[in-house]
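Please read the briefing below alongside the sequence and the coordinates.

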Amino acid sequence: MSVEIRPATAADLKAILDIDPVAEVEERRHDYVSLAMRGHHSRDVRVLIIDEELVGYAIMGEFFGHPFLERIVTAEPHRRRGVAAALMANIEVGIDGDRLFVSTNESNETMRELLVKRGYRVSGMVENLDPGDPELFFVIFKSVIDAQVEPAP
Ligand SMILES: CC(C)(COP(=O)(O)OP(=O)(O)OC[C@H]1O[C@@H](n2cnc3c(N)ncnc32)[C@H](O)[C@@H]1OP(=O)(O)O)[C@@H](O)C(=O)NCCC(=O)NCCS
């Protein structure tokens, strides 16, 4: 089995939209991903490929000058096998700055579990984005990330 994490290319767009349940119903998502892949607003998109199949993607952006994970998705049949964890580990070790922010709807218990497990802590809440489902912001500091990275033998 081969596993690769790399920057997305234009050729990945269809596969990215195929694995994202929101993308199917939101035309705007197409433009968002496609612009992000071209570096719009300093975003970058990376993908996780297993045996030539795109099974996960993540979009990095900026939040008040800090790195911000805007979106992360694992293809449904590949969930709970460490795909998102691998993408996040890849992002975390490469952040340019001393902290990384990420947000998710309060109702997204899966994402909240993932973040807490990785050592993120709640940094605040914003109402009035999705009605009745506040956006929870999380942060992890570089010192926490570094402490979690195992030293090379
Ligand atoms: C959230 C999401 C990206 C997780 O992807 P994943 O590849 O399945 O996650 P991983 O296998 O790396 O899981 C890492 C940890 O997250 C937590 N987790 C993942 N799925 C979970 C679930 N269904 N229930 C509870 N905890 C879960 C666990 O702590 C897990 O570690 P463990 O398996 O050792 O217990 C995926 O469910 C998804 O694509 N959801 C739809 C899009 C979305 O909501 N994205 C987040 C907001 S942008």
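Strand E4 and strand E5 (residues 99-105) run parallel and are joined by two bridges, where strands are DSSP runs of at least two residues labelled E, helices are runs of at least four labelled H or I, and both are numbered from the N terminus; two strands pair if DSSP finds at least two bridges between them. This is a predicted model, in which local features need pLDDT of at least 70 and side-chain atom pairs count only at pLDDT 80 or more, whereas totals for chains, interfaces and linings use all residues. Residues are numbered from 1 along each chain as its sequence is written.

**E4 and its partners**
- Within the pairing with E5, Phe 68 has Phe 101 as its bridge partner.
- The chain passes from E4 through helix H4 (residues 83-93) to E5 in a right-handed β-α-β crossover, meaning that, with the strands pointing away from the viewer, the path from the first strand over the helix to the second runs clockwise.
- Strand E3 (residues 53-63) pairs with E4 in the antiparallel sense over eight bridges, and Gly 56 stands opposite Thr 74 in E4.
- Two residues lie between the strands in the hairpin of E3 and E4, where Phe 64 takes a positive phi near 50°.

**Phe 137**
- Phe 137 belongs to strand E7 (residues 133-141).
- Phe 137 counts as partly exposed because it has 17 C-beta neighbours inside 10 Å, a class between buried (20 or more other C-beta atoms within 10 Å) and exposed (12 or fewer), with C-beta atoms placed from the backbone.
- The C-alpha atoms of Phe 137 and Tyr 120 are 9.6 Å apart, with 17 residues separating the two in sequence.
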